[in-house]
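Here are some notes on the model, written as numbered points so that you can follow along in your viewer.

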Amino acid sequence: VDNDTAAINYVRWGALPKAAAATLPATLSGVFKLDDFVSQRENYIGPAQPFSDNTNTSSSFWPFIQSTWANEIMPGCTSSTFCPANNIRRDEMAKYIVSSRLGTAFTPSACVTPQFADVPCSNAYEPYIRTLVNAGVVTGCGGGNYCPSATVTRREMIVFVLASLIGPPTTCNGTFADVQPAGPHASFCPWIETAATAGVVSGCGGGNFCPLNITRKDEMSVFLGQTFGLPLHVVGP
């Protein structure tokens, strides 16, 4: 429709019936813009709730789960549930980080020779894993393997997420009681404190970070949303 003088009172968009679509040119495309949209619903119907296990709108995780799903970064575990307490695996982590950093339209190059013995070219996550490896963000787990089904600790995940954006930080003041400049988590301490200062992460309570806890899906949604500035899809009045 190209008409700058007449008003269009009703617009319906969606998939065309197959018979109608068959009569149109194969190259047909177009754009329509709504200059003035008036909702005919009289009452607020509440936020969109795609997942039955993510309905508490007062939860700090709720907007980030909504956002990573609406931005097509993290899918649910079923058509109606998100499974926020599920653990994040190393293979899906790679796709989530690449998609958040480079956009869901980014298409990694096709696999020719797999980099890891346990991630063949037939693995749907292989291109994303290879993208992070080539960027120096992740490495294998030893023996020529990647361990795609292995889980990721909170301290590891912070490094993986931030390393796609910045170089190694150096400052560590011991903000968290269980992550100090000296000790078993010393090399992770600057990354964790950088993330905490930027509001990407928070502690697990009692002044601790719980660096060896496994990263859950709900936590991952916050890490991605805060680090990469994903638009929040918080539907409200």
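**Notes on the predicted model**

1. Let me begin with a cysteine. Leaving out residues up to four places away in sequence, C111 touches C121, E126 and R130. C111 sits in the loop that joins α3 to α4, and with a relative accessible area of 19% it is buried, the cut-off being under 20%. Across 11 residues of chain, the C-alpha atoms of C111 and S122 are separated by 8.5 Å. Please keep in mind that this is a predicted model.

2. Now for the overall picture. The protein chain has 7 helices and 0 strands, giving the pattern α-α-α-α-α-α-α along the sequence. Of its 237 residues, 36% are buried. Among contacts in the chain with a separation of 6 or more, 67% involve residues 24 or more positions apart.

3. Which residues touch the most other members of the largest nonpolar core? They are M93, I97, I158, M220 and L224, in a core of 42 residues. At least two residues of this core come from each of α3, α4 (126–134), α5 (154–163), α6 (189–197) and α7. The helix that gives the most is α5, with 6 residues.

4. Of the 10 residues of α5, 8 are buried, so the helix is largely enclosed by the rest of the structure. The buried residues are R154, R155, M157, I158, V159, F160, V161 and L162. You will notice two arginines, R154 and R155, in that list. The buried residues of α5 pack against α3, α6 and α7.

5. Take α5 with α7 next. These helices pack at about 30 degrees, with their axes 11 Å apart. An angle under 35 degrees counts as roughly parallel, and α5 and α7 are therefore roughly parallel to each other. Their crossing is right-handed. On the α5 side the contact involves R154, M157, I158, V161 and L162, which meet E219, M220, F223, T227 and F228 in α7. Sorted by class, the residues of this contact are 7 nonpolar, 1 polar and 2 charged.

6. How do α5 and α6 cross, and at roughly what angle? Their axes come within 9 Å and cross at roughly 70 degrees. The range from 65 to 115 degrees counts as roughly perpendicular, and α5 and α6 are therefore roughly perpendicular to each other. The crossing of α5 and α6 is left-handed. Here R155, I158, V159, L162 and A163 of α5 make contact with W191, I192, T194 and A195 of α6. By class, this contact has 7 nonpolar, 1 polar and 1 charged residues. I158 and L162 of α5 take part in the contact with α6 and also in the contact with α7.

7. Helix α3 (residues 90–102) and helix α7 (residues 217–228) pack at an angle of about 25 degrees, their axes being 10 Å apart. With the cut-off for roughly parallel at under 35 degrees, α3 and α7 are therefore roughly parallel to each other. The crossing of these two is right-handed. M93, Y96, I97, S100 and R101 of α3 make the contact, together with M220, L224 and F228 of α7. In this contact 6 residues are nonpolar, 1 is polar and 1 is charged.

8. Setting aside neighbours within four places in sequence, I97 is in contact with L132, F160, V161, S164, M220, L224 and F228. I97 is also among the residues that touch the most other members of the largest nonpolar core.

9. T153 lies in the loop between α4 and α5 and, at 13% relative accessibility, counts as buried. Beyond four places in sequence, T153 is in contact with P211, L212, N213, I214 and T215. A48, found in the loop between α1 (18–21) and α2 (62–70), counts as partly exposed at 40% relative accessibility. A48 and Q66 are 18 residues apart in sequence, with 8.8 Å between their C-alpha atoms.

Note on methods. Residues are numbered from 1 along each chain as its sequence is written. This is a predicted model: local features need pLDDT of at least 70, side-chain atom pairs count only at pLDDT 80 or more; totals for chains, interfaces and linings use all residues. Side-chain values use heavy atoms; hydrogens and water are left out. Axes are lines fitted to C-alpha atoms, for helices over the stretch in contact, and angles run from 0 to 180 degrees between N-to-C directions. Helices (H or I, at least four residues) and strands (E, at least two) are DSSP runs, numbered from the N terminus. Angles under 35 degrees count as roughly parallel, over 145 as roughly antiparallel, 65 to 115 as roughly perpendicular and the rest as oblique. A crossing is left-handed if the near helix is turned anticlockwise from the far one by less than a right angle, and right-handed if clockwise. Contact means heavy atoms within 4.5 Å. Ala, Val, Leu, Ile, Met, Phe, Trp, Tyr, Cys and Pro count as nonpolar, Asp, Glu, Lys and Arg as charged, and the others, Gly among them, as polar. A nonpolar core is a set of buried Ala, Val, Leu, Ile, Met, Phe, Trp, Tyr and Cys residues joined through side-chain atoms within 4.5 Å. Buried means under 20% relative accessible area, exposed over 50%, partly exposed in between (1.4 Å probe, protein chains only).
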